[in-house]
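Some notes for your read-through follow. Please keep the sequence and the model open beside them.

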Amino acid sequence: MATEEKAVKKASEGDTIKVVKGEQKGKEGKVLLVRENSVIIQTGKHQETGEPIKTVVNHKNYKRVK
């Protein structure tokens with residue numbers, strides 16, 4: 001018996017998203033990489049080292065910003 005997944009609107013690389021659930025709730029970031037169940041986003045840069053701050057967000061835990 002096949003199970004049907006609920007249609008989830010996935011963001012594309014380069015889109016800006018806002019996290020609506022989880023530890024990073026309320027933060028916005030740019031999508032760097034889209035995976036099957038999640039996206040990797042950059043939320044900013046580290047002040048001292050200049051390295052990007054990245055996090056992984058499940059598709060159901062964000063909304064695209066227009």
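1. Start with one residue pair. Lys 30 has Gln 42 in S3 as its bridge partner. Keep in mind that this is a predicted model.

2. Now widen the view to the two strands. S2 covers residues 28-34, and S3 covers residues 38-45. The two run antiparallel, with four bridges between them.

3. Where does this pair sit in the sheet order? The order is S4-S3-S2-S1-S5, so S2 lies between S3 and S1 in an open sheet of five strands. Pairing in the sheet is antiparallel.

4. Which strands stand at the edges? They are S4 (52-58) and S5 (62-64). Each has a single partner strand, so one side of each has no neighbour in the sheet. From one strand to the next, the twist averages 45°.

5. Next, the secondary structure of the whole protein chain. There are five strands and zero helices. Along the sequence, the pattern reads β-β-β-β-β.

6. How much of the chain is buried? The protein chain has 66 residues, and 20% of them count as buried. Buried here means under 20% relative accessible area. The accessible surface comes to about 5,500 Å². Carbon and sulfur atoms account for 45% of that surface.

7. Last, the contacts along the sequence. Take those in the protein chain between residues at least 6 apart in sequence. Of these contacts, 30% join residues at least 24 apart.

How values were computed: Residues are numbered from 1 along each chain as its sequence is written. This is a predicted model: local features need pLDDT of at least 70, side-chain atom pairs count only at pLDDT 80 or more; totals for chains, interfaces and linings use all residues. Side-chain values use heavy atoms; hydrogens and water are left out. Two strands pair if DSSP finds at least two bridges between them. Axes are lines fitted to C-alpha atoms, for helices over the stretch in contact, and angles run from 0 to 180 degrees between N-to-C directions. Buried means under 20% relative accessible area, exposed over 50%, partly exposed in between (1.4 Å probe, protein chains only). Contact means heavy atoms within 4.5 Å. Accessible areas come from the Shrake-Rupley method with a 1.4 Å probe; for residues, only the protein chains shown count as cover.
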